[in-house]
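Please read these notes with the model open beside you. They are numbered so that each point can be checked separately.

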Protein chains: 2
Amino acid sequence: MSETIGFIGLGQLGLPVATNLLTAGYALRVYNRTASKAESLVAQGAQLVTRPVDAVMTGGIVVTIVWDDAALESVVMSDGFLEHLGPGGIHVAMSTVLPETSKKLAAIHAHHDCAYVEATIFGRPEAAVAHSLWIPVAGPQRAKERVRPLLSAMGGQGIFDFGEEVGAATLVKLVGNFLIASAGRSLREALSMAEKNGVDPKAVIDMLTQTLFPAPIYQSYGKRIAENTKAAPFSQSKIPLKDVGLFKTTAQQVESPTPIASLLYDLLRSDEARA
Amino acid sequence: MSETIGFIGLGQLGLPVATNLLTAGYALRVYNRTASKAESLVAQGAQLVTRPVDAVMTGGIVVTIVWDDAALESVVMSDGFLEHLGPGGIHVAMSTVLPETSKKLAAIHAHHDCAYVEATIFGRPEAAVAHSLWIPVAGPQRAKERVRPLLSAMGGQGIFDFGEEVGAATLVKLVGNFLIASAGRSLREALSMAEKNGVDPKAVIDMLTQTLFPAPIYQSYGKRIAENTKAAPFSQSKIPLKDVGLFKTTAQQVESPTPIASLLYDLLRSDEARA
């Protein structure tokens, strides 16, 4: 496995995922806006490049894990990126963005005869290290088949195929992150109420995660909230606010009502303002 | 095991739970406002009585599973109920009521030298039949020990002790039912949005319940909602509206904020108005 992969975006998830690829034997050309983030990868043999286009090999595979829609579009639209990826090339887009951004970018890739594969990631950075990420994918069938070993090597313990229509994998990611935000905020409301009524929130979450909610989300957030019901469950991360916002936007585009997402968005915004 | 137990309340959960007790070899004196509900139990040897007090044996155990606080109070305050239960008697109160109602009733029982044990039930009627109920309990230690075999015979696969202070087991029930309502309504919002965006809600829930949310609540409600995203997830039941209302009241008594419970209450009330 000495194939060279382009890798753009070395954030909290990008870095451990790229490290997994190196460990699995892939060669990497890496780009990141803040070049110093690449140090550990370079020490392990990755080649650091200074423009997105330099990470791209014609007919090859380039992976992007960047913060938002604007960052993703600016990479794709950067000088020579698509021309260089060219016929047979595959862009594996792993950022959480609007499904409509994915669809728009997929069409632009098709114009250049290259494939756009959506592969979003469920899992915290620790899960990448532990090779226990879950990855929904969508895009052209042959391109998905070609990148599947790569997704496994990145740390994907489960890869879920949502068909050829791009947009589905980002939508599933938004649905999942909305449900996580809803569960986390509901847990905080419930455990605070238990504590103020003199009932130990640890005993409550202990029972509930053995019975009704034996799920990683309830276990991890429940434990954290039970230890400090006053702290906002997600205060250390801007991701829930951003992704609940994308969920709302995507729902509103199809006139699907979002009473809970709208409330969550406001609550998360208040958390952020207080942080 | 030929001990005779008083059993009051033969609703959707009361009936299968009482049936389990008969099957386990207990003798029952049953009371229900609508006497005809007792027919199957009488056919299996239960004795039907016409007043709550007639189900009570001095020093014995009487179980109540009734709809709400008012129904529970009217049983406890009915003529001779507490006098007849008397010293050494135990009232196993399984209804979902306000913790403050439980505390008030526990104090009244103590005045009559009998014990009030809270034992609330998580599980649908099918779970009672399958002996897979989860039962949080609170109350005097010795009384809890005496009723534990009875709770197992009722169909309790797990019994969770929340200490001697009555109120804790009803509070845990309210917390659980609030979290169920929140998860169910959030699932509906999310799966409707997926469907309107052309993504199959069955595929979405299939992935999420294999990964982030491998919990019975998400599996059962998710499946039901994915089959019909337009139907209200709980339209067939008045329980979520009632219990989210009790959750709100209990939180407000200790000035614990309930943004999500308040929204859920309004949403569930709209569902009911439309049903």
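Contact here means heavy atoms within 4.5 Å. This is a predicted model, in which local features need pLDDT of at least 70 and side-chain atom pairs count only at pLDDT 80 or more, while totals for chains, interfaces and linings use all residues. Residues are numbered from 1 along each chain as its sequence is written, chains are lettered from A and ligands numbered from 1 in the order in which they are written, and side-chain values use heavy atoms, with hydrogens and water left out.

1. Start with B:Asp68, which touches B:Val97 and B:Lys242, leaving aside residues up to four places away in sequence. B:Asp68 sits in the loop between strand E4 (61–64) and helix H3 (69–76) of chain B; helices (H or I, at least four residues) and strands (E, at least two) are DSSP runs, numbered from the N terminus.

2. Is B:Asp68 buried or partly exposed? Its relative accessible area is 24%, so B:Asp68 is partly exposed. Buried means under 20% relative accessible area, exposed over 50%, and partly exposed in between (1.4 Å probe, protein chains only).

3. B:Val97 is buried because its relative accessible area is 1%. This residue lies in the loop between strand E5 (90–93) and helix H5 (99–111) of chain B. Beyond residues up to four places away in sequence, B:Val97 touches several residues, including B:Asp69, B:Leu72, B:Thr170 and B:Leu246.

4. Between the chains, the axes of helix H8 (residues 168–196) of chain A and helix H11 (residues 239–253) of chain B come within 9 Å and cross at roughly 55 degrees. H8(A) is therefore oblique to H11(B). Axes are lines fitted to C-alpha atoms, for helices over the stretch in contact, and angles run from 0 to 180 degrees between N-to-C directions. Angles under 35 degrees count as roughly parallel, over 145 as roughly antiparallel, 65 to 115 as roughly perpendicular and the rest as oblique.

5. Which residues meet where H8(A) and H11(B) touch? A:Glu189, A:Ala190 and A:Met193 in H8(A) meet B:Phe247, B:Thr250 and B:Ala251 in H11(B).

6. A:Asn177 is also in helix H8 of chain A. With 12% relative accessibility, A:Asn177 counts as buried. A:Asn177 touches A:Phe122, A:Ile239 and A:Asp243, not counting residues up to four places away in sequence.

7. A search of the whole structure finds zero disulfides (pairs of cysteine sulfur atoms within 2.5 Å) over all chains. A:Cys114 is buried at 6% relative accessibility, and B:Cys114 is buried at 7%.
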